[in-house]
Amino acid sequence: MEANLPKRKETRKSLRIKVISMGNAEVGKSCIIKRYCEKRFVPKYLATIGIDYGVTKVQIRDREIKVNIFDMAGHSFFYEVRNEFYKDTQGVVLVYDVGQKESFDALDTWLAEMKQELGPHGNMENIVFVVCANKIDCTKHRCVDESEGRLWAESRGFLYFETSAQTGEGINEMFQTFYSAIVELCDNGGKRPTSSMSAGFTKEQADTIRRIRSSKDSWDMLGVKPGATRDEVNKAYRKLAVLLHPDKCVAPGSEDAFKAVVNARTALLKNIK
Ligand code: GTP
Ligand code: MG
């Protein structure tokens with residue numbers, strides 16, 4: 001212990017940060033925090049009542065960080081309790097269950113709730129968000145794949161991690177990267193560094209991949225009306241190919257989307273004289 005004393009004097013001022021957890025009930029928010037702080041997993045579901053609060057210390061490079069964690073209840077019933085805890089937050093752990101599509105679809109609603117509570121002067125741009133695609137150990141029930149989750153997160157400039165509170169997979173890496181990003185934000189005067197804001201792909205590319213994934217047939221996928229001519233199909237195809245070609249597009253899921261577009265065009269052209 002004593003040998004460490006001179007070193008401690010050299011360390012920079014310790015930092016105090018506030019983080020919150022968000023996401024539907026039962027997605028594993030409390031278990032993720034417990035896995036990281038207490039290195040254990042509780043299989044029995046104990047719903048968080050309102051808010052659970054805890055303090056933990058972490059070391060990020062040469063800094064000691066005191067983290068105030070507010071673990072929110074996901075049930076809509078607790079909205080009144082949750083709403084006052086959104087302000088003065090530097091980081092958000094946003095969780096969904098990869099086996100529960102509704103919990104993934106609800107991520108936008110969680111962001112909207114936070115935005116509303118922060119009010120018109122609240123700035124969500126300067127908060128670090130990490131999205132946890134949790135329960136990846138339940139492979140049989142998985143219905144939201146990695147590219148879909150990653151695309152949602154990265155197109156918003158959020159971090160993305162695949163986690164399992166049960167096995168511990170991804171948990172330490174997630175928190176380490178999350179806290180490092182918050183330290184970087186604090187060192188940058190409370191502003192998200194521009195380097196972490198650029199996802200490497202455009203909103204148009206992300207939206208197009210999402211649209212392709214949810215299209216109901218080949219016409220819809222190419223964005224043409226049923227009964228379109230060869231020229232119209234080819235024109236629509238070329239536009240999408242330029243946008244999504246794997247050499248040009250690094251957005252998660254772009255390769256599959258590109259293949260789907262190629263197949264859709266082939267199928268349509270077969271039946272157009
Ligand atoms: P609320 O507090 O109600 O908002 O729920 P929560 O999001 O905090 O969920 P909690 O952490 O209490 O976990 C809900 C259930 O999912 C519990 O039965 C956990 O044991 C289980 N669970 C959490 N994480 C995992 C995981 O990674 N894998 C598996 N298989 N189960 C998990
Ligand atoms: Mg909980």
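**View 1. The largest pocket.** The largest pocket has a volume of about 480 Å³. (On a 1 Å grid over the protein atoms alone, a pocket is an open set of points where a 1.4 Å probe fits, with protein on both sides within 12 Å along at least five of seven lines; lining residues have an atom within 4 Å of a point. A volume is the space filled by probe spheres set on the points, which are joined across faces, edges and corners.) This is a predicted model: local features need pLDDT of at least 70, side-chain atom pairs count only at pLDDT 80 or more, and totals for chains, interfaces and linings use all residues. Residues are numbered from 1 along each chain as its sequence is written, chains are lettered from A and ligands numbered from 1 in the order written, and side-chain values use heavy atoms, without hydrogens and water.

**View 2. The pocket lining.** The lining holds 28 residues. Glu 26, Gly 28, Cys 31, Val 42 and Tyr 45 lie nearest the pocket centre. Helix α2 gives the most to this lining, with four residues. (Helices, H or I, have at least four residues and strands, E, at least two; both are DSSP runs, numbered from the N terminus.)

**View 3. Ligand 1 in place.** Ligand 1 takes up the space of the largest pocket. (More than half of a molecule's atoms must lie within 2 Å of the pocket's grid points.) Around ligand 1 are 25 residues. (Near means a heavy atom within 4 Å.)

**View 4. Polar contacts.** A polar contact is a pair of N or O atoms within 3.5 Å. A polar side-chain atom of Asp 137 lies 2.8 Å from a nitrogen atom of ligand 1. A polar backbone atom of Ala 165 is 2.7 Å from an oxygen atom of ligand 1.

Notes. A polar contact is a pair of N or O atoms within 3.5 Å; within protein, one must be able to donate a hydrogen and the other to accept it, and residues adjacent in sequence count only if both atoms are side-chain atoms.
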